[in-house]
Amino acid sequence: MEYLASNKIAIVDLATSKITEEGLDEDLVRERIGGVGITHTLYEKYKDEDPIVLGTGLLTGTLVPASALSIITAKSPLTENLCHAPLTLYAGMELKYSGFDYLVIKGNSSRPVYLWVHDGIADLSDAGEVWGKDVWASTDWIREAMGDLLIQVLVIGKAGETLSPFAQVQINYWQSGDRWGFGKLFGQKNLKLIALRGLSLLEISDPDGFVEKCKKLLFEVKKGPFAIKKGIGEMSATLGEDVQKWLEPIVHSHRSCFNTPFPTNTFVFLDEEPKLLKESKKNEPGFLITDIYALLGFKKLGLSAQDTCELLRDCARYGIDANAVLELNQKAGRKKPEEIKKSIPTLKGTLESVRKGRFSPWTPNFGLSPDEWERRQAVAYIFGIHPIFIQLSPELSEERLLELASIGTGLEFTSETLEKVIADITK
Amino acid sequence: MGIRIDQKKCVLCMACEVACGYHRDDGFAFLSSCIMVTRGREKKDYFAVVVKEEENLIIVRPEGLEIRKLGAVGEGREKEDASAKPLLLRQPCDLCSDREEGPLCLQFCPVDAIYLE
Amino acid sequence: MIPLPPSKHNHSSSFNFQPQIGIYSGKGASHSWLWFAEILDRMGCYDVVFLTEKDIVERGLEGVHVLLMSGGDTFAIAEGLGEKGADRLRSFITQGGLYIGTCAGAYLPLRSSMPYLNWFNFIDVKISNISRRLSEEERSLLERSSCSSYGDDFIYHVVREEVVLKMINGSLGNRGEEIVAPLYGGPSILPSEDIEPIATYKGFTQKTKFLVREDLAVKTLIGKIAVGKKSMGDGEIYIFGPHFEHPHYPLCNLYLKEKIFKHLKKGRQMGKNFFYEEKELIRGDSLKGYLKDLKRGLSNARIQASGMSDFNIEWLIGNKLYQSEKISVFLNFLWDKVRKIETLSELEMDGARLRQCIEISKSLPRNIQMIRRGIREGEETTFLAKGLFENLKLLSYFFLNLYFQSLLSLKSH
């Protein structure tokens with residue numbers, strides 16, 4: 001696969017520490033397009049070895065608006081189904097530039113290891129030194145060891161190490177859309193973290209044509225209702241939830257994921273003056289809110305914004321899904337922040353909210369029917385589009401994305417192919 | 001005339017950086033972009049956007065703009081040696097002079113944070 | 001410096017080419033010698049060897065037909081080559097070699113009374129950009145940064161970046177009379193009987209960066225010789241003030257190519273094979289494995305280096321400022337070359353030499369990490385940086401020799 005790809009798949013066998021590489025077959029791309037279309041195929045191929053498959057969307061990391069997404073595909077310890085979790089912020093983009101389009105991680109390692117994916121090279125190394133560290137310390141550790149603060153880290157904390165079913169794969173320091181307990185899978189495999197960094201070049205079949213179409217698409221997206229809105233507060237408002245007044249006093253800024261017009265993340269300062277413009281002298285002054293439902297849920301429990309975000313931060317450090325913490329504490333009738341905090345290391349119970357679908361319920365439905373929601377998610381996960389932004393922006397239509405995929409790769413993608421892939425991955 | 005950034009509007013999405021990389025390499029890459037989002041202080045939520053010009057480094061921080069003479073690193077340092085060979089890594093911003101519609105970073109900024117001054 | 005194995009006439013190498021183009025990459029050379037490597041690579045010209053001062057002094061230049069000497073620190077180059085190296089150069093030229101020097105490589109063969117340089121008095125000319133030709137008032141206008149010391153005098157630079165040259169006697173053929181070339185401290189030469197002018201400085205472009213008042217720039221530069229030639233024995237010296245090897249100036253590159261190939265066609269009936277003996281040719285999967293190991297070291301190093309871009313630091317090493325970004329110049333250059341050859345299924349390389357490269361590449365990430373930590377702690381890091389740049393240069397020298405030799409061998413099959 002020559003264009004918009006690194007043309008490489010790594011098969012990482014944790015049981016033997018052997019890593020093999022394959023090319024990304026153009027016929028596979030013609031048939032399955034990319035993203036979840038291909039991670040699904042790779043999962044099926046290696047399913048006897050309990051694989052975790054990481055994949056990039058066909059358009060991830062490009063000038064296509066909101067092309068921020070990569071995904072993790074694996075069998076969820078919570079649902080026992082094949083599920084997909086979104087990798088946003090800068091991690092989805094970084095995987096695309098790491099020199100691999102897909103990573104299949106199979107088998108279990110007998111000792112803690114980490115996977116360092118850089119410039120088309122995947123290396124497994126001993127993680128004894130970092131095992132036991134919380135998520136934040138682990139991210140700091142690998143960035144220091146490899147010498148670059150731009151390294152993107154998919155990492156588990158104590159929750160994953162101790163095989164909590166609610167363990168979440170975190171992105172750097174922040175919560176991700178992993179609502180499937182994939183953190184537990186990392187823990188079972190003794191895989192502490194995956195670090196990504198790449199300085200690759202993605203070539204384009206028709207560069208000028210592609211970029212021109214991206215520009216036109218952005219122009220239309222910018223006319224949409226989200227053009228001047230920002231942050232998790234305004235996103236909540238579209239869900240009929242008013243968190244603005246509650247959250248605003250601690251908001252420091254709103255942050256986008258890679259090339260995503262609407263910033264779906266909000267940074268709050270918890271131990272620092274929120275309106276500070278200069279660089280804080282504190283090393284860890286706050287928290288980036290990436291998960292709207294956890295935020296809204298704790299608010300509904302009656303917690304202050306400060307307490308809520310401190311709890312979210314605790315969850316992120318521990319590497320546990322804040323939604324699970326919320327639900328199980330709610331069920332137990334605990335409402336005090338300190339009680340909730342105390343429950344984190346020993347959290348047990350059954351989640352009732354776990355959905356049976358394949359796509360992470362991290363993405364709100366914004367009034368779409370479940371079928372419509374699922375279809376839009378499938379499209380996002382195939383092409384590598386931010387799964388929240390695609391719901392907000394109908395301009396990112398299937399036709400436009402197919403057209404961009406065709407121009408960018410020089411392959412002819414038809415709506416029939418897309419239909420087939422969607423049918424296959426949602427069945 | 002040069003590229004300037006309104007930090008209040010910027011959401012650090014890096015669209016400008018990819019657009020600039022495309023302008024240089026005809027593909028998507030970040031190594032040769034002359035506009036960069038410095039993301040190294042993630043935990044502190046402290047970011048800057050840097051534009052490399054012919055003679056200056058334009059550094060836009062939340063608290064304001066700094067224009068730093070290139071080659072004059074820190075106080076009391078000599079200017080760049082006049083016989084130094086260029087490194088040819090990140091070329092200074094040429095305002096996309098070969099593009100009819102002007103700078104690509106500006107056209108791809110989704111929040112209109114980039115302007116010319 | 002790791003000594004080269006002695007060359008042999010009849011070694012068991014699978015090919016038997018005469019190496020023809022030498023690129024100086026030894027003491028005093030900055031990174032612009034990589035530009036020569038780049039343009040020759042682009043031209044598909046692989047009969048290239050990279051030479052340090054030690055190679056030249058110990059082995060001489062037999063087997064080399066053209067020697068390319070790029071920019072850097074002229075004094076350091078002269079000191080490194082020493083009197084013996086100067087003799088080697090002289091006999092290389094008089095016996096039919098072509099010497100092409102740009103910038104520092106152009107200053108080197110000019111007459112001088114300065115220690116070290118006075119061994120290289122091959123061309124009896126004077127330069128216009130020396131302070132003794134200035135009035136007191138004009139001297140006072142110069143900034144220190146645009147000058148470099150030259151005994152009691154100093155050499156000064158009036159512009160940087162682009163200049164327009166007028167080519168004399170139709171030397172550009174049907175491509176007109178003018179050529180635009182980049183100038184970074186190269187000489188402007190006064191007419192003399194000992195040099196044949198090939199091009200003179202004619203003017204400036206919008207991209208010219210003035211380091212002094214424009215009238216002083218005009219006085220110093222315009223009409224003076226930018227490119228000149230001298231015949232010496234059976235050979236020739238070409239000196240270029242501007243960097244004709246700069247890879248963004250294809251017309252200049254083309255001009256250089258014509259000069260080089262014209263000379264090669266003449267042939268120089270001399271010399272033994274300059275290439276190194278290949279002890280352990282590897283190919284296929286085992287070569288791929290080696291190249292991957294090399295890439296691993298390079299990738300880890302370039303990621304470490306990219307993590308240093310925030311520091312915006314520079315070191316004074318010898319007489320030259322080295323910016324931290326320069327680390328990436330070497331690393332990215334080598335990276336691109338490895339990427340280019342890793343897909344060539346028929347390629348063969350010397351395993352022992354490749355292992356040497358891998359060993360150096362493995363040490364680089366640690367080197368850079370130590371510098372990064374030193375900077376963060378506010379420590380002096382110049383000695384570490386010096387060591388790192390020496391390693392980068394050494395690795396480039398080893399690997400590029402191997403790279404060109406292997407591609408030449410492949411081409412010959």
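Select Leu95(B), which sits in the loop between strand 5 (64-69) and helix 2 (104-108) of chain B; helices (H or I, at least four residues) and strands (E, at least two) are DSSP runs, numbered from the N terminus. Although Leu95(B) is not a glycine, its phi is positive, at about 55°. Leu95(B) is partly exposed, with 17 C-beta neighbours inside 10 Å; a residue counts as buried with 20 or more other C-beta atoms within 10 Å of its own, as exposed with 12 or fewer, and as partly exposed in between, the C-beta atoms being placed from the backbone.

The model is predicted: local features need pLDDT of at least 70, side-chain atom pairs count only at pLDDT 80 or more, and totals for chains, interfaces and linings use all residues. Residues are numbered from 1 along each chain as its sequence is written, while chains are lettered from A and ligands numbered from 1 in the order in which they are written.

**Chain A as a whole**

Chain A holds 17 helices and 14 strands. Its radius of gyration, taken over C-alpha atoms, is 20 Å, close to the 22 Å that the globule rule gives for 427 residues, so chain A is as compact as a globular protein of that length. The globule rule is 2.2 Å times the number of residues to the power 0.38. Along its principal axes, the C-alpha trace of chain A spans about 55 × 55 × 45 Å. Of the 427 residues in chain A, 61% are buried.

Two residues are in contact if their C-beta atoms, placed from the backbone, lie within 7 Å. Among contacts in chain A between residues at least 6 apart in sequence, 66% join residues at least 24 apart.

**Asn190(A)**

Now select Asn190(A), in the loop between helix 6 (182-188) and strand 11 (191-197) of chain A. Asn190(A) has a positive phi of about 65° and is not a glycine. Asn190(A) has 17 other C-beta atoms within 10 Å and is partly exposed.

**A helix pair in chain A**

Select residues 231-238 and 292-300 of chain A, which are helix 8 and helix 10. Their axes, lines fitted to C-alpha atoms over the stretch in contact, with angles from 0 to 180 degrees between N-to-C directions, come within 11 Å and cross at roughly 75°. Helix 8 of chain A is therefore roughly perpendicular to helix 10 of chain A; angles under 35 degrees count as roughly parallel, over 145 as roughly antiparallel, 65 to 115 as roughly perpendicular and the rest as oblique. Ile232(A), Met235(A) and Ser236(A) in helix 8 meet Ile292(A), Leu295(A) and Leu296(A) in helix 10.

**A helix pair in chain C**

Move to residues 284-306 (helix 8) and 325-341 (helix 9) of chain C, which pack at an angle of about 150° with their axes 10 Å apart. That angle makes helix 8 of chain C roughly antiparallel to helix 9 of chain C. Residues of helix 8 of chain C that meet helix 9 of chain C include Leu291(C), Leu294(C) and Leu298(C); among those on the helix 9 side are Leu331(C) and Trp335(C).

**Where chain A meets chain B**

Finally, show chains A and B together: 39 residues of chain A are in contact with 28 residues of chain B. On the chain A side, the elements giving two or more residues are helix 7 (207-223) and strand 12 (251-255). Helix 7 of chain A gives the most, with 5 residues.
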